[in-house]
Amino acid sequence: MSENEKDINQSPEQAEPSQPEPASPGTGDAGSEALAGALKVSFTFLKLAMAALVLFYVLRGIFYVDPQEVKFKLRFGRVVQAKGEWVLRPATGLYFRWPFFEEVVPVPTSEQGLNLGGAFWTDWSHDEMPGQQKRTLDVRTDGFLLTGDKNIVHMRLLARYQARSDPRGAVSYAFGVEGPEGKAPEPILDRMLRAATTKVVGSMEVMDVINRTNLFSRIESDVRRRLDEFERNSGVPLGIDLVRVEPIETEKVKNPTEPKTVSAAFYRAQNARSERDLLVQEGNTEATRIIDRAKSAAAEVEAAAMGDAVRLVRSAEADARAVERLLPIYRLSQPIANILRDRFYQRTIEEVMTRAPGAFVLHTPEEGSDTELRLMLGRRPITQTTEGEEGSQ
Amino acid sequence: MREKWLSVAAVGLVALILLMYMVVYTVRVDNVAVHRRFGKVVRVVRPTLGVGGDQQPARPPVEEGVKVYDKAGFFWKLPWPFDRVQHYDQRIRVVDSPLAQTQLPDGNQLIPRVYASWRITDPVAFEESLSGDEQTAEQNLKQIISDQTGGLFGTYTLDDVVNTDPTQLKFDEIEQKLLAGVRDRLASSQDAYGIEVCSLGITWLALPDDATGAVFGRMEKERHTQAETLRSEGTRIKQTRIAEARAEREKILAEAEAKAKEMRSTAEAEAARYYETFAKDEDLAIFLRRLDAFAEIARAALEKGQPLTILLSTKTEPFGILEKGPLEASAQGEGPPELPALEELQGTSSAVESRED
């Protein structure tokens with residue numbers, strides 16, 4: 001260090017002889033150097049950190065599409081193509097968006113459920129005791145539906161839907177309607193489902209509603225009609241495909257159901273319906289039995305007639321053959337004819353008598369005679385079977 | 001020197017970005033924007049949702065002489081205080097009417113709830129009529145829906161609203177009239193808010209508290225009557241089915257009998273072919289037939305397990321020998337014994353009797 005520099009570095013007070021505190025040679029120099037070195041290192045770190053930050057920020061722009069979604073890329077708020085496609089689909093590789101002026105909007109394509117649990121439902125859990133249920137419903141707290149025959153029912157239902165993945169449908173889902181993130185169409189779908197349910201239930205009898213007779217298919221059909229109407233009126237679709245409408249099934253809770261206040265009366269009516277069905281079933285069973293028996297009897301009659309017919313023809317044929325064979329002998333002479341007739345006759349009597357369990361041969365006395373002959377032939381006597389009735393005569 | 005240039009570049013970049021923010025604005029695809037210069041509208045950006053050449057329906061026009069851009073993106077503007085750009089959400093959203101009790105012409109009370117989906121279509125009118133306040137727009141729309149609902153339901157009976165007969169149900173008609181009524185109001189100069197209703201529906205038909213109590217009472221009575229009806233219906237159907245089955249049985253049996261008769265008569269006709277042979281000796285043929293009949297009757301009785309007792313006279317051969325004795329029989333032995341006449345055999349002197357035990 002030169003003298004001049006030394007002077008410059010020293011303050012006037014330090015230069016005074018009364019305070020002889022000489023600066024140690026090289027101290028300020030080292031400090032400056034250390035400071036400069038530290039600053040240099042800091043700047044280097046800062047530069048690296050900034051470079052890393054910039055790199056990180058840029059790398060954040062790399063994205064891909066998950067299996068259960070599609071994505072849109074927006075540049076300055078406008079939907080633009082990426083890799084030649086408006087809708088970015090899963091498994092199509094990596095994409096890049098620039099920070100600040102590009103953004104990516106996802107649309108979930110998995111099946112989702114819109115729960116209409118409380119809209120038409122009343123909580124009766126505080127009125128468990130039979131006969132103590134509330135006798136009126138309050139529109140501010142209780143949900144219910146009016147049926148076509150002016151009865152009241154409660155119902156909980158669920159709509160299952162999926163975002164459309166075609167460009168027109170998906171873009172509407174993402175940007176056409178306002179709603180919760182990822183479920184934008186739900187508020188409108190919710191109202192459509194309510195309106196369809198109100199209309200369909202309002203056109204059905206209460207028992208058909210409770211027995212779900214075409215109930216959910218009709219609601220589903222009406223919601224679809226409303227979706228089409230919405231697209232016609234607004235020029236854009238709601239961006240969903242309705243999968244189905246179904247009841248919310250809960251263990252031990254009937255759905256749809258009548259109000260608990262009248263459930264006892266419904267139970268009795270239901271029992272009566274079961275009784276009616278049982279009676280009808282009994283009637284059907286009895287009718288089937290009668291007809292089956294009649295068919296069986298008819299078959300027997302026809303079979304017997306068929307047998308008789310065959311027998312008649314065969315018998316006539318056999319008789320004819322017998323006559324044909326006998327005639328030449330029979331006509332030889334009267335004695336031969338008599339013998340033949342007697343032999344046939346005796347053989348028949350013999351055959352019958354030998355097989356019959358009992359036979360009486362009675363002597364018919366001449367007029368005025370008091371003699372009588374009774375000859376009983378039989379292997380066993382006929383026993384008396386009923387009181388006052390003789391077994392043998 | 002190099003570091004100096006870098007610093008200058010960084011500062012310049014920041015300045016450029018700031019400048020860009022001042023002279024450029026972007027409009028997202030789901031927004032609309034009104035660009036004014038010194039308060040005068042110079043541009044409206046109202047992007048459509050069409051992508052890939054998708055045709056979009058025509059939208060209502062905005063203020064005359066104003067350029068309308070239907071693509072989202074970035075646009076130039078002069079910095080404040082010259083230009084001002086106001087953005088609005090153009091997505092479709094829903095609004096529900098308040099619950100209000102309505103008196104129907106048939107004396108019933110009804111509390112309908114109606115929803116409508118709506119969106120901003122003319123941001124200039126929206127801004128000028130409602131100061132761009134979406135909440136005010138919702139309130140006004142609710143009021144319009146409420147007015148229309150009350151007025152329209154006052155002309156329909158409960159049977160028009162809920163009915164099991166589809167020809168009498170006017171639910172769709174009411175919804176369509178409500179939508180038309182609300183749209184007409186929004187199209188009128190008084191309520192031209194620059195918004196459009198896309199859909200509308202009746203989401204609930206409620207009853208007042210006391211009416212629900214009356215319905216419960218009626219439901220109980222109806223179920224009681226229904227139970228009685230069901231039971232008597234069951235009995236009636238059962239009896240009817242059985243009676244029908246019995247009639248059917250008679251028919252089946254009658255048909256079978258007829259068929260049997262036909263078969264027998266056919267057989268008789270077929271058997272008659274052999275009568276010519278019998279006619280060669282009528283006496284012999286009849287005699288043989290009677291013997292067969294006698295044997296057949298006895299055989300059938302025995303097969304059925306019926307005890308058969310035969311009563312014969314001693315005049316009936318061969319028991320005639322009991323009366324005549326061997327000598328008389330021998331004395332007459334020049335020829336065969338006189339046989340009983342056929343009539344005698346058939347009628348008086350012999351009989352076969354079968355009876356149940």
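Tutor: In this predicted model, strand β2 of chain A covers residues 69-75 and is joined to β3(A) by three bridges, with the two strands running antiparallel. At one point along this pairing, A:Leu74 faces A:Val79 of β3(A).

β2(A) and β3(A) belong to an open sheet of three strands, whose order is β3-β2-β5 in chain A and whose pairing is antiparallel. Its edges are formed by β3(A), residues 78-80, and β5(A), residues 102-108, each of which pairs on one side only. From one strand to the next, the twist averages 45°. A helix also packs on this sheet: α4 of chain A, residues 167-175, touches β2, β3 and β5 of chain A. The direction of α4(A) makes about 105° with that of β5(A). As a general point, side chains in a regular strand alternate between the two faces of the sheet.

The sheet is one part of a chain with nine helices and twelve strands. Chain A has 393 residues, and 28% of them are buried. If one takes the contacts in chain A between residues at least 6 apart in sequence, 65% join residues at least 24 apart.

Chain B has its own β2, and the letter of the chain matters here. What does β2(B) pair with, and over how many bridges? With β6(B), the pairing is antiparallel and runs over seven bridges; B:Val34 has B:Gln86 of β6(B) as its bridge partner. β2(B) and β3(B) form a hairpin with two residues between the strands, where B:Phe38 has a positive phi near 50°. Five of the seven residues of β2(B) are buried, so the strand is mostly covered.

In α2 of chain B, residues 123-130, the buried residues are B:Pro123, B:Val124 and B:Phe126. They lie on the same side of α2(B) because the arc they cover around the axis is only 165°. The partners that the buried residues of α2(B) pack against are β2 (31-37), β3 (40-45), β6 (83-89), β9 (109-120) and β10 (195-206), in chain B. After α2(B) comes B:Ser131, with a positive phi near 55°.

That leaves the meeting of the two chains. How many residues does each chain bring to the contact? Chain B supplies 113 residues and chain A supplies 113 residues. On the side of chain B that touches chain A, helix α6 (residues 209-271) gives the most, with 40 residues. That side of chain B is made up of 59 nonpolar, 22 polar and 32 charged residues.

α6(B) has a helical neighbour in the other chain. The axes of α8 of chain A, residues 263-330, and α6(B) come within 8 Å and cross at roughly 5°. Angles under 35 degrees count as roughly parallel, and therefore α8(A) is roughly parallel to α6(B). The contact of α8(A) with α6(B) holds 33 nonpolar, seven polar and 25 charged residues.

How values were computed: Residues are numbered from 1 along each chain as its sequence is written. Chains are lettered from A and ligands numbered from 1 in the order in which they are written. This is a predicted model: local features need pLDDT of at least 70, side-chain atom pairs count only at pLDDT 80 or more; totals for chains, interfaces and linings use all residues. Two strands pair if DSSP finds at least two bridges between them. Helices (H or I, at least four residues) and strands (E, at least two) are DSSP runs, numbered from the N terminus. Axes are lines fitted to C-alpha atoms, for helices over the stretch in contact, and angles run from 0 to 180 degrees between N-to-C directions. Two residues are in contact if their C-beta atoms, placed from the backbone, lie within 7 Å. A residue is buried if 20 or more other C-beta atoms lie within 10 Å of its own, exposed if 12 or fewer, and partly exposed in between; C-beta atoms are placed from the backbone. The arc is that of the directions from the helix axis to the C-beta atoms. Ala, Val, Leu, Ile, Met, Phe, Trp, Tyr, Cys and Pro count as nonpolar, Asp, Glu, Lys and Arg as charged, and the others, Gly among them, as polar. Angles under 35 degrees count as roughly parallel, over 145 as roughly antiparallel, 65 to 115 as roughly perpendicular and the rest as oblique.
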